[in-house]
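Student: I have a structure open and want to learn to read it. Can we go through it by question and answer?

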Amino acid sequence: MNKDITINKEAIKTTLEEYLIPVAAIVLVIIGTFFLIIPKTGQIQEVRSKIKQQDTKISQLSQKAAELSSLSETELYESSSLLLAAVPAEKDFYETLMMSKQIVSENGVFIESFKFAPGEVSTESAKKVTLSSLPFEISFNSNFENLKSMVENIEKMLPLVTIDRIRFGSVEATESGSLADFSGKINLMSYFSPLPKSLGAPEKPLPKIGNQDRELVEKLKSYKKYEPLAVEEEEVITVGKENPFPF
Amino acid sequence: MNKGINLISTEARKIAKEQKVKGKVKTASFAFVAFFIFVASLTIGFLVFLNQKYKSNDKKIIALENQIKSLEKNESYLVTITDRVKHAKSVLDDRKTYSKTIEDLERIYVNELEITGLDFGAGGDMKIEGRCLNLTCLTELNNKIEEIKAEKEYQEILYNTVSRSTSGSYNVNLTFKK
């Protein structure tokens, strides 16, 4: 009985010895699969997904770089300056006052008084507003022809101004029988809007300028640009932490 | 005798068979290990290749970002243009033009009409108060108004009041609605 057991042990030992290398190989392969192949496959998936994202980014950046290179800096500067003259970045009460005085006087309209309601001028909350308006009222005295030319010029001037209302206090007939002399109040509205704070991520696509936008720029080119009479020094408008806008 | 010989033969066949199996197992295990090494090398090689591509893409991105940064001025102009165009459009679309209204006021200014009150409202409407000294003036004024009506520039042109005074003049109150 004892002899039988010894023989069996021997047999098992011998069998194990003979199959040691294959068994060890299988164990190593299994361990290798779990600790090398599977983690590396995971890394491959991760890197491939990152590369896919990079490829998308590269394509976006290449397109953006090509588009930016094809643009003319001079033309862009001229258009942006024109549009900034149309809708200024900052609510400037003094400039608006000077400009309106200039338009009215240029057209031979006599100014009796000005009235402004500037509201928030340069506070943080005022800067947050997308498009803010500065209403003002001019009391005038004029003959019909001058009033007509003033209204026509206001509608074709930069900065853009809208006439909210014209109230006539008195209409006096002239001796010549031509149109009467008028006195009254004209309510105007000028507009301001802060510049965007940043340009956004580099891969962010460039904003598109459509044909209608180009037509608008061309239309505004025919408008008369009013600038403040006394300019001391060009002031740099700070927007955001680092100002990307060269205005 | 035969029985003994047969037993030896079976043992030998068994041993030979076992040796054959052992050989096959060994070969299979070597093949298995070789296959594992091949797959592992392929995996590691592919990962190295991908990592290199990732690094090279990173360099490309940095180069492109630098190129875009060097053209930042153009981008800022472009952003400014689109932003300002949006605002300019909204101002121009919403505003009422008064120059045409003033032209129409000039047109209806017929002989012997005295304008006593005038108001250009916020919506572009025009309200006129006047006095026609005689019927000819009133007829002429009405003709002009009909002409303007035909042009369909206004939603409606209303005679709010028309009254005749004892002196023979006509008081007119008109609204040009846009």
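This is a predicted model: local features need pLDDT of at least 70, side-chain atom pairs count only at pLDDT 80 or more; totals for chains, interfaces and linings use all residues.

Student: Which residues touch the most other members of the largest nonpolar core?

Tutor: That core has 54 residues. Its largest share, seven residues, comes from helix 2 (residues 72-94) of chain B. The residues that touch the most other members are A:Leu83, A:Val87, A:Leu160 and B:Ala88.

Student: Which element gives the largest share of the side of chain A that touches chain B?

Tutor: Start with the whole contact. It takes 70 residues from chain A and 62 residues from chain B. On the chain A side, the elements that give two or more residues include helix 2 (73-86), helix 5 (144-155) and helix 6 (211-221) of chain A. The largest share, 27 residues, comes from helix 1 of chain A.

Student: How many residues on that side of chain A are nonpolar?

Tutor: Sort the residues of the side of chain A that touches chain B by type. There are 14 charged and 11 polar residues. The nonpolar count is 45.

Student: How far apart are the end C-alpha atoms of helix 5 of chain A?

Tutor: Begin with what to expect. Helix 5 of chain A has 12 residues, so at 1.5 Å a residue it should span 16 Å. The model agrees, as the distance between the end C-alpha atoms is 17 Å.

Student: Within what arc do the buried residues of helix 5 of chain A fall?

Tutor: The buried residues are A:Leu147, A:Met150, A:Val151 and A:Ile154. An α-helix has 3.6 residues a turn, so residues three or four places apart point the same way. Seen down the axis of helix 5 of chain A, the buried residues line one face, because they fall within an arc of 95°.

Student: What distance separates the centres of the two domains of chain B?

Tutor: Domain 1 covers 1-95 and domain 2 covers 99-177 of chain B. Taken over C-alpha atoms, their centres are separated by 84 Å.

Technical notes: Residues are numbered from 1 along each chain as its sequence is written. Chains are lettered from A and ligands numbered from 1 in the order in which they are written. Two residues are in contact if their C-beta atoms, placed from the backbone, lie within 7 Å. Helices (H or I, at least four residues) and strands (E, at least two) are DSSP runs, numbered from the N terminus. Ala, Val, Leu, Ile, Met, Phe, Trp, Tyr, Cys and Pro count as nonpolar, Asp, Glu, Lys and Arg as charged, and the others, Gly among them, as polar. Domain bounds come from an automatic or database domain assignment. The expected span of a helix is 1.5 Å times one less than its number of residues. A residue is buried if 20 or more other C-beta atoms lie within 10 Å of its own, exposed if 12 or fewer, and partly exposed in between; C-beta atoms are placed from the backbone. The arc is that of the directions from the helix axis to the C-beta atoms. A nonpolar core is a set of buried Ala, Val, Leu, Ile, Met, Phe, Trp, Tyr and Cys residues joined through C-beta atoms within 7 Å.
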